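Subject: Handing over a structure

Hello,

I am passing this structure on to you, with some notes on what turned up in it. Please open it first, then read on.

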Amino acid sequence: EWAIDFVRRSVHTVLRRFERGEVGAGGLAKAEALVTQRIMEFVRMTPEQRANPNLKIPQSMRESPTVVPYAYLSEQTKRIQPFRDKRWLLKDALEELVKSEVLIKVDPVTSIMKYKTRGGAVYELGPNLLNALEKRRG
């Protein structure tokens, strides 16, 4: 009995990792999955946690969990594979997440005026991610 349960749990875990794009996919799919994980971690943080200077989150964006600075994502991904040797992969993954409406890229003028950035890229959570978050809560 315990062996059957063990195998079922193992198969379920591997299947879930495939569905999330964490394994068995090309570099871009894995990169998207990892960026999405970092975004979800950001969403779950408190404003006090976002105030950590090592996270590179501008003060104007610490209160809102729906506004994610590029600098934060860059800092969170620079030491992990597949980004370590392919820094361009973060931008490609972000472009794909924008295309799929997981994120919305804020235009530079709005980024400067609304979020008080110095021109750095800023992303807002897109409708597909907001809908997924609502389903999890409800």
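A definition to begin with: an axis here is a line fitted to C-alpha atoms, for helices over the stretch in contact, and angles run from 0 to 180 degrees between N-to-C directions. Helices (H or I, at least four residues) and strands (E, at least two) are DSSP runs, numbered from the N terminus.

With that in hand, take helix α2 (residues 27-44) and helix α7 (residues 127-137): their axes come within 13 Å and cross at roughly 60°. Angles under 35 degrees count as roughly parallel, over 145 as roughly antiparallel, 65 to 115 as roughly perpendicular and the rest as oblique. The pair α2 and α7 is therefore oblique. Their crossing is right-handed (a crossing is left-handed if the near helix is turned anticlockwise from the far one by less than a right angle, and right-handed if clockwise). Ile-39, Met-40, Val-43 and Arg-44 of α2 meet Leu-129, Leu-133 and Arg-136 of α7, where contact means heavy atoms within 4.5 Å. By class, this contact has five nonpolar, no polar and two charged residues; Ala, Val, Leu, Ile, Met, Phe, Trp, Tyr, Cys and Pro count as nonpolar, Asp, Glu, Lys and Arg as charged, and the others, Gly among them, as polar.

Before going further, a word on the source. This is a predicted model, in which local features need pLDDT of at least 70 and side-chain atom pairs count only at pLDDT 80 or more, while totals for chains, interfaces and linings use all residues. Residues are numbered from 1 along each chain as its sequence is written, and side-chain values use heavy atoms, with hydrogens and water left out.

Now the overall picture. The protein has seven helices and three strands, in the order α-α-α-β-α-α-β-α-β-α along the sequence. Its C-alpha trace spans about 60 × 35 × 30 Å along the principal axes.

Helix α2 also meets α4: the axes of α2 and α4 come within 10 Å and cross at roughly 120°, in a right-handed crossing. On the α2 side are Val-35, Arg-38, Ile-39, Glu-41 and Phe-42, and on the α4 side Tyr-72, Leu-73, Gln-76 and Thr-77. That contact counts five nonpolar, two polar and two charged residues.

Which helix does α4 pass in another right-handed crossing? It is α5. The axes of α4 (residues 70-77) and α5 (residues 88-99) come within 11 Å and cross at roughly 125°, and the two are therefore oblique to each other. Tyr-70, Leu-73, Ser-74 and Thr-77 of α4 make the contact with Leu-90, Lys-91 and Leu-94 of α5.

Two backbone details are worth a look. The peptide bond from Gln-81 to Pro-82 is cis, with omega near 10°, and Pro-82 lies in the loop between α4 and α5. Glu-101 is not a glycine, yet has a positive phi of about 60°; this residue sits in the loop between α5 and β2 (103-105).

Lastly, a pocket. Its lining includes Lys-56, Met-61, Tyr-70, Arg-118 and Val-122, and this is the second largest pocket. The lining divides into seven nonpolar, two polar and three charged residues.

Happy exploring!

Terms used. 1 Å grid on protein atoms, 1.4 Å probe; cavity = no way out; pocket = protein on both sides within 12 Å on 5 of 7 lines; lining within 4 Å.
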